[in-house]
Amino acid sequence: MAASLIDPSRAPVAFGRRAVPQLFEELQQRPEAARRQRALNSLCDLMHDPERVYQTVTGGFLEQVKVLFQDEDADVRTKTCDLLHVLTSHSVGRQALLSSSLLPPLSQLLDDPSSSCRRSVHRVLKRLTLLPAGADALLTLVPKLMLKLRQEKEEEEVQALILSTLSSCSYQDPRPALANDGVSLLGHILSHRSTNIRRRRPSLMALSVCRDGKEQVCEQNLLPVLVGLLQDEDLEVQVNAVGVIMFTVTITTGKQQCLDLDVLPVLLDFVPKKKEEEEEQDEERRRRRKALVLYSLRALAALAEAPGGRHLLLEQLPVLEARTESEEDQDIRRSAQSAIHVITWTP
Amino acid sequence: MAFDSHSQRDANGSYTFSSRPRPVENRSKYREPPSEQMQNYGNIMYDRRVVRGNTYAQHIIPTMVPPDPAETQRQQEIRRRAIARKRAREQFRSGTPEALQGRKHIDVQTELYLEELSDVIVAADIECQTDAFLDKPATPLFIPAKSGKDVETQIEEGELFDFDVEVQPLLEVLVGKTIEQSLEEVMEEEELASLRAQQRAFRELRKKELAEVHQLQEQERRRTEEKGHRIAQQKEVLKKEREVAEKIAARAYTQQYLADLLPTVFTSLRNHGYFYDPVEKDIETNFLPWLVVEVNNSLERRYTAREMLDTIIHDVAQKRLEGFKEPETQPAKPETQ
């Protein structure tokens, strides 16, 4: 008996197929909180195996999870959310979670008094949005999440999670977020100190894809802030800022504002091949740089549509041509060529 | 007694019956129900009815039924009848006829192989008796003769089981499996990471293309708008031109139409008498009517005069006529002249 209690924080696990059902039965008998936590710990460990995930899902044990949500002990609730988090790492689990009616109780837990519980819930939601159907299902939760963001009494990690969730949902369908005044909220967050938060700006990019979003971005004068962000050290933030600009300059107002703000030199600065880029060893950073270059080229092409922009860019044409010739990467070359094409277009 | 038995219908519909084993109760044939409930299911070991011990040469004790006089009588009757029957049977059996005088019947064997029949069984008595048990003497130690070589062997301490050697395969398996699993996990993670990186690259490309699409859309939109404007403008221009042309045409026509308006007007006015010489007009309007009127008047007077004259003449004529008519009656009428 001592052997099975090697790890006192985990309940003993039965062998083979019996493991998951037995743990759930133990939970069903409602023992005291400590034992429940141990059982949940063991379950979390077991769920890393896809076979067990499948067993849990097909065995219909998710109903019991609903019961556990209303448990009075906060740790038990947190652990249940962690269990769901592990469950959603696998596609079968995600789909089961969506098809079962666990989402409403889960969203009720968002208002839970315990902060760790809320964090776990947000993690689950974020994982759930990896699936497009999941993002669809979470669209109804978007207003609530935005409300949470606005209240700002959450910690950073939670805010980052919420922003990721929101961005995935907004890629699916930006309308709910926009309807809830998303752009102003995100603009407010832009000036947040933490790099982590600013990284989550894909949500802003997602919003600006939709036309109304672009107009709102222009209306609310977010462009100066974005231009300021272009000078940021973190590559991710730069990439995202350029992305938003890229979308915003497709509408005329955006073009005007950008030209007023004198964005062109900054963007042009990104384009030419810098020496450190060639030395860049890290695959990751090279890829991000490539994204940066692509977006800048696209933004320049869009800006070239406006006569003022074209005028300025005609002077800078050699730079772009230099980029075209020396580039091995197909995508960059293509975008540079299209930019040149736009610039040199004459009616 | 029937309480312990089960009879029921099976699932297939077949009938089964089972009951606990029980010894048969001793009852008379034409029976009354037993007065008291006997100990039917007592232990068989202590049942007095069960025969114990060797039964080969046992005298069969009649059953302990209380002797029923009717029963005994009946049995005696049966015995008597059996004896009588036997006697009757012997009487009617035809045995071999009696031997003639001076002869005797002897049984003879007629088989192939004769055998001796005798009543006396040849028996021999043999006795034997074992000696009384003596104590068995101690068996001498069996020492086999020595043959072959003496060989010794001894197992040293580490020879049967060397832990290090034995544990090696176990360790290999354990470590190998752990490393394999961890390698797999690492590979999976790496695969996931590369997948995600690919996804991200794709997404970026896609965003860029999306921006391009948007831009092209905007372009298209602007162009169509522009086209629309230009077309509208052109239409306006055309319309204006047409209007102007129409105006010019109208103007030319009118001019032409009205070209000889003036002479016509003048002609017609002149024709209508709007341009007049005042003296002439005056003469015409004033003098001539007066003249005509005067002429008329004078003419009228003349006519009146003439008419009067005519009347007078007529009258005269009439009168003359009458006068002429009368003269036929009055021929002496003076001619009034």
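This is a predicted model: local features need pLDDT of at least 70, side-chain atom pairs count only at pLDDT 80 or more; totals for chains, interfaces and linings use all residues.
**Close-up 1. Phe287(B) and Trp290(B) form a tilted aromatic pair in chain B.** At 40% relative accessibility, Phe287(B) counts as partly exposed, because that class covers values between the cut-offs of 20% and 50%.

**Close-up 2. Tyr253(B) and Tyr257(B) form a stacked aromatic pair.** Counted over all chains, the structure holds two aromatic pairs, and in this one the ring centres are 6.1 Å apart, with an angle of 15° between the planes. The two tyrosines are found in helix α2 (residues 163-259) of chain B, four residues apart, which corresponds to about one turn of the helix. Are these two residues, Tyr253(B) and Tyr257(B), buried or exposed? Both Tyr253(B) and Tyr257(B) are exposed.

**Close-up 3. The largest nonpolar core has 47 residues.** The residues with the most contacts inside this core are Leu43(A), Met47(A), Phe69(A), Leu84(A) and Leu106(A). Helix α5 (residues 74-87) of chain A supplies the largest share of the core, namely six residues. Domain 1 (11-130) and domain 2 (138-246) of chain A both give residues to the core, and therefore the core lies between these two domains. A second, separate core consists of 32 residues, including Cys258(A), Leu264(A) and Ala302(A), together with Ala211(B). As general background, nonpolar side chains in soluble globular proteins tend to be buried together.

**Close-up 4. Leu106(A) is one of the residues with the most contacts inside the largest nonpolar core.** When neighbours within four places in sequence are left aside, Leu106(A) is in contact with Phe69(A) and Leu84(A), and also with Val121(A), Val124(A) and Leu125(A). Two of these partners, Phe69(A) and Leu84(A), are likewise listed among the residues with the most contacts inside the core.

**Close-up 5. Arg77(A) is a buried residue in helix α5 of chain A.** The relative accessibility of Arg77(A) is 10%, so this arginine falls under the 20% cut-off for buried residues. Which residues are in contact with Arg77(A), leaving aside its neighbours within four places in sequence? Arg77(A) is in contact with Leu68(A), Phe69(A), Asp71(A), Glu72(A), Leu109(A), Asp112(A) and Cys117(A).

Notes
Residues are numbered from 1 along each chain as its sequence is written. Chains are lettered from A and ligands numbered from 1 in the order in which they are written. Side-chain values use heavy atoms; hydrogens and water are left out. A nonpolar core is a set of buried Ala, Val, Leu, Ile, Met, Phe, Trp, Tyr and Cys residues joined through side-chain atoms within 4.5 Å. Buried means under 20% relative accessible area, exposed over 50%, partly exposed in between (1.4 Å probe, protein chains only). Domain bounds come from an automatic or database domain assignment. Contact means heavy atoms within 4.5 Å. Rings of Phe, Tyr and Trp (its six-membered ring) pair if their centres lie within 6.5 Å; planes under 30 degrees apart count as stacked, over 60 as edge-to-face and the rest as tilted.
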